[in-house]
Amino acid sequence: MLPAVTLIFGFYFGAAFGSFLNVVIYRLPRGMSLNHPPSHCPSCDNRLGVADLFPLFSFLFAGAKCRYCKAPIGWRYFFVELLTATIWAAFWYQKLVVGSDPARFVAMAAFATVLVACIFIDLYHYIIPDSLNAILLLIGFLFNAWLIARGQGLTQVGGWAVPSSIVGALVGVLVLWAIAFLGRVLFRKDAMGHGDIKLARGIGAVLFPALALMSFGVAVVVGAVFGALQLIGRRSPEEEDIEHDMAEEEPESIVSLFKAGLGYVLL
């Protein structure tokens, strides 16, 4: 559909969205407005100028420091921009250069962009904001509506043709809710965060049932590998104290878990 040279546009558009994601990752879990105050250095409060806002390049040219107060800037900012740019470039090449599917490109790029925000917020704050999970669900429903308008995007369930995004969302909820339920019943402790259940719902809505199940399977394998590495690695006293405190917390009641699961199914 497009010449390969346009890949540079996909890459830099992604970097620009990655720059905005850095604002989301910092402000959203802190309950701050995403547009006020304007972008500024958190150390000296100087408002960032045009020279500070070029994705990737501004960070490198400034030497990973604020141009005004010389305070160091974490490499997370650069990595988020680079990761988002790379993802966008990959989808650009797949859907717009090799393929010809702009609607799927928009859906997948938006989906991956929100997931990047979810990953880094979860990494630093151990939460996945409901607003991001809601956006994932909306992306899935809108993309599915576009497919249905073209005569696609339906899944047969018991002889009924049901929108694939709805089936995928239900599959996502049920799979991770089942893990939470079995963990609560068998091990008498919380086995899954509710943010993860809602995240799986959004993933299912976008990827549809088959691909969603495949992604959950990959996630289990990757999670097991990283979990094993964490156990092998040397733990700090602080980590052990946190685990001890978590072990002493009263697990969620089964009634509450049922109510929450029903709520996620009914949106």
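Is Cys-41 buried or exposed, and what is its relative accessible area? Cys-41 is buried, at a relative accessible area of 8%. Here buried stands for under 20% relative accessible area, exposed for over 50%, and partly exposed for the range in between (1.4 Å probe, protein chains only).

The model is a predicted one, in which local features need pLDDT of at least 70 and side-chain atom pairs count only at pLDDT 80 or more, while totals for chains, interfaces and linings use all residues. Residues are numbered from 1 along each chain as its sequence is written, and side-chain values use heavy atoms, with hydrogens and water left out.

**Cysteines**

A disulfide is taken as a pair of cysteine sulfur atoms within 2.5 Å. By this rule the count is zero disulfides. Cys-41 is in no disulfide, and the nearest cysteine sulfur, that of Cys-66, lies 3.6 Å away. For Cys-44, the closest cysteine sulfur is in Cys-69 at 3.6 Å, which is too far for a bond. Cys-44 is partly exposed, with 26% relative accessibility.

**Salt bridges**

A salt bridge requires a side-chain nitrogen of Lys or Arg within 4 Å of a carboxyl oxygen of Asp or Glu. The count by this rule is three salt bridges.

| Asp-52 | Arg-67 | 2.5 Å |

Helices (H or I, at least four residues) and strands (E, at least two) are DSSP runs, numbered from the N terminus. In the salt bridge of Asp-52 and Arg-67, Asp-52 sits in the loop between helix 1 (7-27) and helix 2 (57-61) and Arg-67 in the loop between helix 2 and helix 3, so the pair ties together parts that are 15 residues apart in sequence. Asp-52 is buried, its relative accessible area being 17%, whereas Arg-67 is partly exposed at 42% relative accessibility.

Asp-130 is partly exposed, with 48% relative accessibility, and Lys-198 is buried, with 13%.

Both members of the remaining pair are partly exposed: Arg-104 at 24% relative accessibility and Asp-101 at 21%.

Lys-95 is part of helix 3 (residues 75-98). Leaving aside residues up to four places away in sequence, Lys-95 touches Ser-100, Asp-101, Arg-104 and Phe-105 (contact means heavy atoms within 4.5 Å).

Strand 1 (residues 154-157) and strand 2 (residues 160-163) run antiparallel and are joined by four bridges; two strands pair if DSSP finds at least two bridges between them. Gln-156 has Ala-161 in strand 2 as its bridge partner. The hairpin of strand 1 and strand 2 has two residues between the strands, and Gly-158 in this hairpin takes a positive phi near 60 degrees.
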